[in-house]
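I am opening a notebook page on this structure. First the annotated site, then one of the sheets.

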Amino acid sequence: MSNSTKPKRIGILTAGGDCPGLNAAIRGVGKTAIVEYGMEVLGFNAGYSGMINNDYIHLKESQLSGILTLGGTILGTSREKPFKTSKNEKDGEHKPDRIVQTYKDLGLDCVVCIGGNGTMKTANMLGKEGLNVVGIPKTIDNDVWGTDVTFGFDSAVQIATDAIDRLHTTANSHQRVMIIEIMGHHAGWLALYSGLAGGGDIILLPELEYNIRSVCKKIEARYESNKPYSIVVVAEGIGHPKGSSAAAHVSEAIQTYTGIETRQTVLGYIQRGGSPTPMDRILATRYGAFAAQCIAEENFGTMVAIKNNELTTVPLEEVGGKLRLVDANFPLIQKARKMGVSFGDEYL
Ligand code: F6P
């Protein structure tokens with residue numbers, strides 16, 4: 001569907017949960033596309049919904065100025081999965097068909113899909129419907145398969161680390177066990193990095209099976225060696241009963257078994273808000289500019305990625321439906337264990 005004689009016309013969308021750096025990525029794609037390659041750029045509103053409903057804006061170069069430091073996304077986002085609800089009985093139209101129609105009606109040469117795993121899966125499926133697509137990986141969870149790092153992660157690590165730092169002082173004053181729940185969906189990257197940066201004593205990750213007795217043993221051992229407070233960092237994705245948060249479950253269990261006073265904090269959406277860190281601004285800018293280059297070179301059906309700090313592309317076909325999780329033998333975990341950090345699995 002590309003026409004190499006005319007300047008290219010491209011669309012950009014941001015889909016899935018938002019994160020800091022989305023605007024930096026939009027700016028990176030848009031400015032490079034316009035300034036370097038003379039392309040025309042449209043922005044779809046609210047992720048794939050914008051393509052289904054033909055809801056878009058023209059993005060001029062001037063509109064891409066002043067957004068680098070802004071959190072959220074100027075295009076809005078949604079968790080619309082067009083292939084999941086493929087037969088929409090209400091309006092009787094197949095959503096992917098409507099997306100293809102929008103693409104054709106607007107005379108697009110490519111759509112840049114900025115998002116996480118779900119977004120990449122949909123982008124790949126749209127590629128199979130005949131659209132030219134380029135993906136850019138974002139998410140605070142850092143779990144997109146095929147790249148070493150997603151933008152949004154560094155900002156979230158900073159926010160979560162700051163929260164853990166603050167818990168240290170109040171935990172110490174009251175001699176309490178503080179449990180903090182960190183986002184990350186099924187992956188433990190955010191809990192691991194913020195937990196280590198914040199000096200957490202116990203870090204529970206979805207990828208490692210924990211035992212509450214082991215957690216309590218560690219807390220009691222600290223108590224006996226004149227460390228009457230502890231910081232327990234729990235990833236939201238760890239095993240816990242339905243109807244209770246991971247933090248509430250671990251907190252209640254620790255208080256029951258040790259008799260030590262506990263308090264819990266669920267950090268929540270604060271981790272996705274606010275201005276991106278300089279590292280995320282740079283990463284999102286690199287990804288965005290490189291995505292525009294991929295379009296110019298007609299390297300479609302790919303996701304831009306970082307491997308060993310080098311920009312590269314991976315076929316979307318390989319990315320879709322996979323998760324990049326923390327490996328139990330990840331060097332950082334091994335180093336932390338040697339320093340006495342517990343992952344709740346020591347006495348299994
Ligand atoms: O993927 C980012 C994330 O914030 C996860 O860490 C979290 O589990 C999920 O999104 C929350 O989703 P929602 O925005 O739909 O509540």
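Where is Gly17 found, relative to strand S1 and helix H1? I located Gly17 in the loop between S1 (9-14) and H1 (22-36). I keep in mind that the model is predicted.

**Annotated site**

I looked up the UniProt record, an unreviewed entry. Its "binding site" annotation covers Gly17, Arg79, Glu80, Gly116, Asn117, Gly118 and Thr119. These residues span 103 positions in sequence, yet no two of their C-alpha atoms are more than 13.1 Å apart, so they gather at one spot. I then checked the largest pocket; its lining takes in Gly17, Arg79, Glu80, Gly116, Asn117, Gly118 and Thr119.

I took two of these residues in turn. Gly17 has 12% relative accessibility and counts as buried. Beyond four places in sequence, Gly17 touches Arg79, Lys138 and Arg272.

Asn117 sits in helix H4 (residues 117-128). Buried or exposed? Asn117 counts as buried, at 15% relative accessibility. Leaving aside neighbours within four places, I find Asn117 in contact with Asp143, Val144, Trp145, Lys322 and Leu323.

**Sheet**

I traced an open sheet of 4 strands, ordered S9-S10-S8-S11, with parallel pairing. S9 (202-204) and S11 (262-266) stand at the edges with a single partner each, so one side of each has no neighbour in the sheet. Neighbouring strands are turned by 15° against each other on average, direction ignored.

S9 pairs with S10 (residues 230-235) over 3 bridges, in the parallel sense. Ile203 stands opposite Val233 in S10.

Two helices came next. H7 (residues 212-224) packs on the sheet, touching S8 (177-182), S9 and S10, and its direction makes about 165° with that of S9. H8 (residues 246-258) lies across S8, S9, S10 and S11, at about 175° to S11.

Notes. Residues numbered from 1 in each chain as written. Predicted model: local features only at pLDDT ≥ 70, side-chain atom pairs only at ≥ 80, totals over all residues. Heavy atoms only, no water. UniProt positions renumbered as here; feature names shortened; annotations may be inferred. 1 Å grid on protein atoms, 1.4 Å probe; cavity = no way out; pocket = protein on both sides within 12 Å on 5 of 7 lines; lining within 4 Å. Buried < 20%, exposed > 50% of the residue type's maximum accessible area, 1.4 Å probe, protein only. Contact = heavy atoms within 4.5 Å. Pairing = 2+ DSSP bridges. Axes fitted to C-alpha atoms, helices over the stretch in contact; angles between N-to-C directions.
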